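Hello,

Here is the structure I promised to send you. Please open it first, then read my notes below.

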Amino acid sequence: MTVNDDSADAAPGRPTSIGFVGLGNMGAVMSSRLVAAGFTVHGHDTSASARAALADAGGRSHDHLGDAVRDASLVILMLPSSDAVEAVARDPQFTPAAGATVIDMGSSEPARTQALAAELGQRGITLVDAPVSGGVAGARAGRLTIMVGADAAALDRLRPVFEPIGNPIGVGNVGAGHAVKALNNLLSATHLLSTAEAMAAGQRFGLDPEIMIDVFNRSSGQSRSTSSKWPDFVLPGTFNSGFALALMVKDMRIALGLAEQVGAADRLSRSSLEIWAAAAEALPPTADQTELAAWVQRLGTPGDRGDLAS
């Protein structure tokens, strides 16, 4: 892989120069951690403020996609969908080096990831899917769970890139990472919805929400929703977990598409998606995933059940 002159002391075989496309909530933190770990990060985003933030963190910001990835041997994509990933990969400016590795660390559709891997393979480019879980807080702490769809040799080669960001786990061949990520978010969304309904019932009965959360976290009802999302974002009323409600709905649809493809049972999951989709219709496009809780709380008041019916 390309070694930048600024990193001549790097360990043999360790990639030191990375193209990074997508500097949003997660990408900004992940790219800055790579800079802090000693990598030269050439970043691009359509947002000027996102590019400026990378420069402030010590990275190299580029206004144009081509300047960030030209002749790069390693490119990370942190983009919101398969549509966005394919648009970048097929852009005439997307010209990484022959033999390059491209890592899709966003939440894409498994089948489309596999198809894109075959397409890029014809150009001598290896596609690895490595979506993450843990949110912005996990990214800042370098504790993301990284679900890697690649063979063991590729994972070992890329481990020095993943380790400043979190814990890489090999989950299968290309496409497997995106499959596990979608299924994980389907579970996460269902937990969050179930907790929201239980909390709404308890509060209407007169229970103290903080006491309920404390009891749930000491009992069998405990989940990441009760241990983190409620105390950190819902009870304080900040609703700023850093992951959009609309993106959660997108990931749920990916997971349900996978279930349909393989013929798996999905009745509960489809009901959960129906409610999440209604919330997405009722709330602003920028709503955080945790705002589902406030929306569910309002469902029992006159005039609000119509949102769900729609």
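Let us start with the strands. β5 and strand β6 (residues 126–129) pair in the parallel sense over four bridges. Two strands count as paired if DSSP finds at least two bridges between them. Helices (H or I, at least four residues) and strands (E, at least two) are DSSP runs, numbered from the N terminus. V102 has L127 as its bridge partner in β6. From β5 the chain crosses through helix α5 (residues 110–121) to β6, and this β-α-β crossover is right-handed. Right-handed means this: with the strands pointing away from the viewer, the path from the first strand over the helix to the second runs clockwise.

A word on the source. This is a predicted model, where local features need pLDDT of at least 70, side-chain atom pairs count only at pLDDT 80 or more, and totals for chains, interfaces and linings use all residues. Residues are numbered from 1 along each chain as its sequence is written, and side-chain values use heavy atoms, with hydrogens and water left out.

β5 also pairs with strand β4 (residues 74–77), again in the parallel sense over four bridges. There, I76 stands opposite I103. β4, helix α4 (residues 82–89) and β5 form a right-handed β-α-β unit.

Is β5 covered on one face or on both? Both faces are covered. T101 and I103 are buried on one side, V102 and D104 on the other. Buried means under 20% relative accessible area, exposed over 50%, partly exposed in between (1.4 Å probe, protein chains only).

Next, two loop residues. D71 sits between α3 (65–69) and β4. Its phi is near 60 degrees, a positive value in a residue other than glycine. D71 is exposed, at 53% relative accessible area. F239 lies in the loop between α10 and α11. F239 is not a glycine either, yet its phi is positive, about 45 degrees. At 22% relative accessibility, F239 is partly exposed.

Last, the largest pocket. It holds about 1,200 Å³ of space. Of its 48 lining residues, M26, G135, G242, F243 and L247 are the closest to its centre. By class, the lining has 19 nonpolar, 21 polar and eight charged residues. Ala, Val, Leu, Ile, Met, Phe, Trp, Tyr, Cys and Pro count as nonpolar, Asp, Glu, Lys and Arg as charged, and the others, Gly among them, as polar. A pocket is an open set of points on a 1 Å grid over the protein atoms alone, where a 1.4 Å probe fits, with protein on both sides within 12 Å along at least five of seven lines; lining residues have an atom within 4 Å of a point. Points are joined across faces, edges and corners, and the volume is the space filled by probe spheres set on them.

Best wishes
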